[in-house]
Amino acid sequence: MTTVAAPTSQRLIVNDFSIQVATVNGSGSQSSNNILMRSIFPMGVPVSGKNMFPSNIAGLPTWFTIRASKRGFIARRRDSEIYVGMNPTTIVEDVNALRPGTACIYNDEFAKLVPVRNDLIFYPVPFAKLVAQCCPDAKLRKLVI
């Protein structure tokens, strides 16, 4: 995987960004995304979130979009500056749809699935290894990653 800097034609925008998190229904992702939103808001940045899912059946894909905007905008945006890929079923399609310059954070176990693109910034994270160090219960660990 190649890591590249964002195109220089993009202007720096502070406290106005969107994060899209792709997970699986029933994985507890909405709770963790709400925690992320609650950590941004006390910094003085208005934030909103929207869960997008095709159904409520456990195991199907779901996407949670977090919008932080210093102006208080709460509508979802078409593109996100940050993508977090935690669903191996949708990661190929999701990454292919990202706009150039997007930061792509993903579970390193999906490395063979992630399409190679030179216009994205990739951050593989060893979630299983990180969780194993702090959570000895295998059943609970499965819920975390």
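Reader: Are Y106 and F122 buried or exposed?

Author: The model before us is predicted. A residue counts as buried under 20% relative accessible area and as exposed over 50%. On that scale, Y106 and F122 are both buried.

Reader: How many aromatic pairs are found in the whole structure, and what is the arrangement of the rings?

Author: The search of the whole structure gives one aromatic pair. Its members are Y106 and F122, whose ring centres lie 6.3 Å apart with 80° between the planes. The pair links distant parts of the chain, since Y106 belongs to strand β5 (residues 103-107) and F122 to strand β6 (residues 121-125), 16 residues apart. Planes over 60 degrees apart count as edge-to-face, so with 80° the arrangement of Y106 and F122 is edge-to-face.

Reader: Which residues does N107 contact, leaving aside its neighbours within four places in sequence?

Author: N107 lies in strand β5. Its relative accessible area is 3%, and therefore N107 counts as buried. Beyond its neighbours within four places, N107 is in contact with G85, M86, V125 and F127.

Reader: Why is strand β1 described as largely enclosed by the rest of the structure?

Author: Strand β1 covers residues 16-24, nine residues in number. The strand is largely enclosed because the count of its buried residues is seven of the nine.

Reader: Which strands pair with β1, and in which sense, parallel or antiparallel?

Author: Nine bridges join β1 to strand β3 (residues 61-69), and these two run antiparallel; within this pairing, D16 stands opposite S69. Four bridges join β1 to strand β4 (residues 82-85), where V21 stands opposite V84.

Reader: Is C104 buried or exposed, and which is C134?

Author: The search of the whole structure finds zero disulfides. C104 has a relative accessible area of 0%, so C104 is buried. C134 has 63% relative accessibility, and therefore C134 is exposed.

Reader: What percentage of the chain's residues count as buried?

Author: The chain has four helices and six strands, in the order β-α-β-β-β-α-β-β-α-α from the N terminus. The chain exposes about 8,900 Å², of which carbon and sulfur atoms supply 59%. Of its 145 residues, the percentage that count as buried is 36%.

Technical notes. Residues are numbered from 1 along each chain as its sequence is written. This is a predicted model: local features need pLDDT of at least 70, side-chain atom pairs count only at pLDDT 80 or more; totals for chains, interfaces and linings use all residues. Side-chain values use heavy atoms; hydrogens and water are left out. Buried means under 20% relative accessible area, exposed over 50%, partly exposed in between (1.4 Å probe, protein chains only). Accessible areas come from the Shrake-Rupley method with a 1.4 Å probe; for residues, only the protein chains shown count as cover. A disulfide is a pair of cysteine sulfur atoms within 2.5 Å. Rings of Phe, Tyr and Trp (its six-membered ring) pair if their centres lie within 6.5 Å; planes under 30 degrees apart count as stacked, over 60 as edge-to-face and the rest as tilted. Contact means heavy atoms within 4.5 Å. Two strands pair if DSSP finds at least two bridges between them.
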